[in-house]
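Me: Could you take a close look at a single part of this model for me? I'd like one connected account, with the cut-offs spelled out.

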Amino acid sequence: MDLWFLYAAGAAVFAALTTVLAKIGLHNVGSHLATAIRSVVVLVFAWLIVFMTGAQDGIWQIGGRTWVFLLLSGLSTGGSWLCFFRALRLGTVNRVVPIDKSSTILTMLLAFLFLREPVGPVTVAGMGLMGAGTWLMLELKKDHSDQTPAKRSWLFFAVMAAVFASLTAIFGRVGVADMDANLWTAIRTMVVVPMSWLMVFLTDGTGEMKAIDRKSWLFLVLSGVATGGSWLFFYHALQIGNASLVVPIDKLSIVLTMGFARLFLGERFSGRSLAGLALLTGGTLLPIFFS
């Protein structure tokens with residue numbers, strides 16, 4: 001078995017663990033504070049990758065226009081993380097994650113509308129499958145566990161997380177396309193950290209820190225570590241393997257996420273939900289394999 005495949009599989013495993021660990025850590029922690037804690041851990045890993053790759057010298061070549069898009073990218077990343085954690089706190093993994101992953105659809109549409117990127121029949125077919133899969137996995141009419149407005153708002157926050165994630169990708173393509181990807185990630189994470197902690201202070205979330213139990217601390221930190229681990233494995237996979245082969249394996253993290261949610265969180269899946277997962281996965285991989 002090739003080493004690149006093991007690295008790519010490791011990246012997918014850690015990406016799936018990120019969500020499940022975060023869900024467990026959110027048990028008694030506000031979503032803003034959870035995002036802030038995790039962002040600090042991720043920042044450490046981001047700069048670790050930068051120094052491992054020697055990309056830190058590129059910071060002196062960044063122009064004014066690029067800094068603007070780096071700031072916008074960081075703000076949209078922070079918005080995505082804050083909304084994702086809020087949705088994850090209110091909803092289940094098997095509903096939040098498909099919407100988050102379907103940000104690919106919106107990214108494709110925005111790239112077509114604003115960047116004039118071509119959209120062929122295969123891409124359109126993939127978008128259709130992803131949309132159908134996401135809709136099947138929602139099962140909104142069957143949710144009678146809690147009909148309070150607060151609980152139902154998970155859908156709004158999940159959609160906003162996908163919107164901000166799409167904007168992050170678009171800002172990256174427009175303003176920092178020629179910049180080292182690792183340095184870009186590290187700098188935009190530097191924007192996320194103060195942004196997330198500002199939200200904590202504005203919502204009086206600092207008092208929550210004293211109430212966080214050891215289990216929540218452990219799982220939130222592990223969630224950040226898993227994110228960093230996923231980035232490290234993904235980078236090493238791209239170093240020695242073809243991107244056209246590495247990326248599809250990384251995309252399969254959604255399947256692992258659903259499996260971990262069933263195994264560790266006890267979430268159950270109906271036949272409709274499993275069919276949706278199959279369509280969403282197929283739609284994600286279709287443009288990659290047949291482009």
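Reply: Happy to! Beyond its neighbours within four places in sequence, R38 is in contact with T18, W81, F85, L220, S223, G224 and T227, where contact means heavy atoms within 4.5 Å. This is a predicted model, in which local features need pLDDT of at least 70 and side-chain atom pairs count only at pLDDT 80 or more, while totals for chains, interfaces and linings use all residues. Residues are numbered from 1 along each chain as its sequence is written, and side-chain values use heavy atoms, leaving out hydrogens and water.

R38 sits in helix α2, residues 31-53 (helices are DSSP runs of H or I, at least four residues, numbered from the N terminus). R38 counts as buried because its relative accessibility is 8% (buried is under 20% relative accessible area, exposed over 50%, partly exposed in between, with a 1.4 Å probe and protein chains only). N28 is ten residues away from R38 in sequence, and their C-alpha atoms are 15 Å apart in space.

For a contrast in setting, turn to F112, which lies in helix α5. F112 has a relative accessible area of 40%, so it is partly exposed.

As for confidence, the protein has a mean pLDDT of 86, with 93% of its residues reaching 70 or more (pLDDT is the predictor's confidence in each residue, from 0 to 100).

Key. Helix = DSSP H or I, 4+ residues; strand = E, 2+ residues; numbered from the N terminus.
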